[in-house]
Each structure stands twice: as structure tokens, then as C-alpha cells.
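Colleague: I'd like to learn how to read a structure like this one, feature by feature. Can we go through it together?

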Amino acid sequence: MMDSGKKALIIQRFGIIELFFAAFFMLSTLGLLYFSVHKRAFYLTACSKIAWEIKTIPAARGAILDKNGTALAWTERYYDLQFPKTTNPVSRNKIIGEIQSVLNPKIEKDKDIIKTNLTLSEIKNLEQIIRNSRGTLKIKTRFERQTVDYPEIKKILGTIPREKNPGKKEVSLEIKYDKDLRGQDGIFKVMLDKNRQYLPDTLEWIQKYKKGKNIRLEFSLRELIKNNGEKNNQ
């Protein structure tokens with residue numbers, strides 16, 4: 001039969017173990033409360049930054065037309081394939097091999113823009129490769145302003161101002177009608193899945209897209225050339 005001394009020692013040891021588990025439970029509970037309540041906002045914000053992506057759809061500039069509808073200045077849209085040189089070399093070489101299997105092999109391997117002026121069929125062929133790249137491979141939109149090849153008209157048109165409401169005294173058509181021609185870029189945010197793919201149902205517009213307006217002048221192309229020539233001869 002166990003004597004009273006041993007029994008007291010066993011009870012004391014059980015008491016220490018119980019105290020240890022009680023302390024462990026209390027610390028775990030406090031830690032859980034800290035991360036679920038006190039740090040909740042911080043982690044929600046951090047996760048939100050990872051899960052959501054903000055994108056911009058650049059607005060195409062409107063065209064300038066003569067009174068007959070002939071385009072004097074217009075914008076052409078191009079699509080370029082961007083693949084940062086800073087991407088992991090092993091991953092980059094693998095993806096470039098996949099790109100070359102569906103596109104013309106003559107791509108610019110050592111540049112961030114590895115191919116310019118993609119066709120719609122080329123973009124379609126790249127869809128799966130872009131999805132698998134998890135955001136490293138992107139198609140970038142590029143706009144170029146085109147004008148009719150008449151020096152007299154180019155002078156009247158002028159150049160696109162770099163900023164809104166430039167406040168210049170120069171009276172060129174691009175500056176005069178800039179507010180209407182410029183349009184408004186579309187800005188939206190969308191949630192990404194674990195593979196960095198867009199979830200269409202989560203799209204939220206921050207700023208609505210508005211294409212630039214076309215401007216129709218009161219003079220024909222021939223009249224503009226004639227009037228400008230007469231001014232230069234005066």
C-alpha cells in the first residue's frame with residue numbers, strides 16, 4: 001500500500017502538470033484573441049492587397065475629321081507582349097520556349113517587351129500561356145497618333161498636350177479640342193485566385209471608361225489646305 005509521502009508527491013506533480021497546461025491554454029487563448037481581434041484589421045488589409053488588383057483601361061483619343069468625315073488625325077491601338085527581364089531565368093526560358101511554339105520564333109528575348117504589334121489570333125493563342133505565367137507575362141496596350149500626310153494639315157493639328165488643360169496660347173486643333181478628344185481612362189479592381197487569375201464576378205469599377213469623342217470640323221480637307229496656303233502667302 002502506498003504511504004502518505006509518496007501519495008503527496010504524486011498529487012504535487014499532478015498539480016504542477018495541471019498548472020502548466022492551464023498556463024499553456026491561457027497563453028494560447030490570449031494569442032488567438034490577439035491575432036483574431038487586435039491584429040485582425042492588419043491581416044485583412046494585407047490579404048486584401050494580395051487578393052485584389054487595380055487595373056487601368058487607357059482611353060483611346062478621339063479622331064479629328066473634316067466636314068466630309070475624312071479622318072485628319074486618329075489613334076491606332078497596338079498590343080505588345082511584356083515579359084520582365086527580372087523574372088527567374090529558369091522560369092523565363094521555359095515560358096519563352098512555350099511562346100515560341102505558338103508565335104514567330106523571332107522575339108526579343110533580352111527585352112521587357114519581347115514582341116510588338118500582336119494580332120488578335122496571336123493573343124488568343126497566348127491565352128493559356130499567360131494564365132499559367134501567374135501575372136509575369138502581360139499584354140500591354142499602346143496607342144499611336146496618326147495624321148494625314150500633308151504638312152499644312154499637320155501644322156493645323158499640332159501635337160497632343162502631355163497634360164490636361166495645358167493653358168498654352170497656341171491655337172492647334174489637338175489643344176483646342178483636347179478636353180473632348182482625351183476621354184477618360186477606365187479604372188477597376190478585381191479579385192485574383194491563388195493562380196493570379198481574375199475572378200470576373202468580383203470586378204468593381206472605380207472610374208468608368210469613356211472613349212474620346214470624335215470632332216468634325218466645318219471645313220473639308222481641300223479647303224483647309226487652301227486656306228492655310230493662302231495664309232502663308234500673305
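Colleague: Where is the place of Thr86?

Modeller: Thr86 sits in the loop between strand 3 and helix 3. Helices (H or I, at least four residues) and strands (E, at least two) are DSSP runs, numbered from the N terminus. Before we go on: this is a predicted model, where local features need pLDDT of at least 70 and side-chain atom pairs count only at pLDDT 80 or more, while totals for chains, interfaces and linings use all residues. Residues are numbered from 1 along each chain as its sequence is written, and side-chain values use heavy atoms, with hydrogens and water left out.

Colleague: Is Thr86 buried or exposed?

Modeller: Start with the cut-offs: buried is under 20% relative accessible area, exposed is over 50%, and partly exposed is in between (1.4 Å probe, protein chains only). Thr86 has 76% relative accessibility, so it counts as exposed. Thr86 and Asp112 are 26 residues apart in sequence, with 8.7 Å from C-alpha to C-alpha.

Colleague: And how do I read the whole chain?

Modeller: The protein chain has eight helices and eight strands. Of its 234 residues, 23% count as buried. For surface, the areas come from the Shrake-Rupley method with a 1.4 Å probe, and for residues only the protein chains shown count as cover. The accessible surface of the protein chain is about 17200 Å², and 56% of that belongs to carbon and sulfur atoms.

Colleague: What share of the contacts comes from residues 24 or more positions apart?

Modeller: A contact means heavy atoms within 4.5 Å. Among contacts in the protein chain with a separation of 6 or more, 67% are between residues 24 or more positions apart.

Colleague: Which residues is Arg142 in contact with, leaving aside its neighbours within four places in sequence?

Modeller: With those neighbours set aside, Arg142 contacts Glu76, Arg77, Tyr78, Asp80, Thr116 and Asn117. Arg142 lies in strand 5 and, at 22% relative accessibility, counts as partly exposed. The C-alpha atoms of Arg142 and Asp80 are separated by 7.2 Å, although the two are 62 residues apart along the chain.

Colleague: What about Ser220: where does it lie?

Modeller: Ser220 is in the loop between strand 8 (215-216) and helix 8 (221-233). At 10% relative accessibility, Ser220 counts as buried. Beyond its neighbours within four places in sequence, Ser220 is in contact with Asp66, Lys67 and Asn68.

Colleague: Now salt bridges. How many are there by this rule?

Modeller: The rule asks for a side-chain nitrogen of Lys or Arg within 4 Å of a carboxyl oxygen of Asp or Glu. The count here comes to 10 salt bridges. One of them pairs Lys94 with Glu98, whose closest N and O atoms are 2.8 Å apart. Lys94 and Glu98 are four residues apart in helix 3 (residues 89-102), so about one helical turn separates them. Lys94 is exposed at 55% relative accessibility, whereas Glu98 is partly exposed at 26%.

Colleague: Which parts of the chain does the Glu174 and Arg145 pair link?

Modeller: Glu174 and Arg145 meet in a salt bridge through their side chains (3.0 Å, N to O). That pair links distant parts of the chain, with Glu174 in helix 6 (residues 173-176) and Arg145 in strand 5 (residues 138-147), 29 residues apart. Glu174 is buried, with a relative accessible area of 1%.

Colleague: How far apart are the closest N and O atoms of Glu204 and Lys189?

Modeller: They are 3.9 Å apart, and Glu204 and Lys189 form a salt bridge. Glu204 lies in strand 7 (residues 204-207) and Lys189 in strand 6 (residues 186-191), so this pair ties together parts that are 15 residues apart in sequence. Glu204 is partly exposed at 39% relative accessibility, and Lys189 is partly exposed at 28%. Salt bridges that share partners also join Arg61, Arg145, Glu174, Asp178 and Arg182 into one network.

Colleague: Last one, the largest pocket: what is its volume?

Modeller: On a 1 Å grid over the protein atoms alone, a pocket is an open set of points where a 1.4 Å probe fits, with protein on both sides within 12 Å along at least five of seven lines, and lining residues have an atom within 4 Å of a point. Grid points are joined across faces, edges and corners, and a volume is the space filled by probe spheres set on the points. The largest pocket has a volume of about 830 Å³. Of the 23 residues that line the largest pocket, the closest to its centre are Lys55, Ile130, Lys138, Ile139 and Tyr198.
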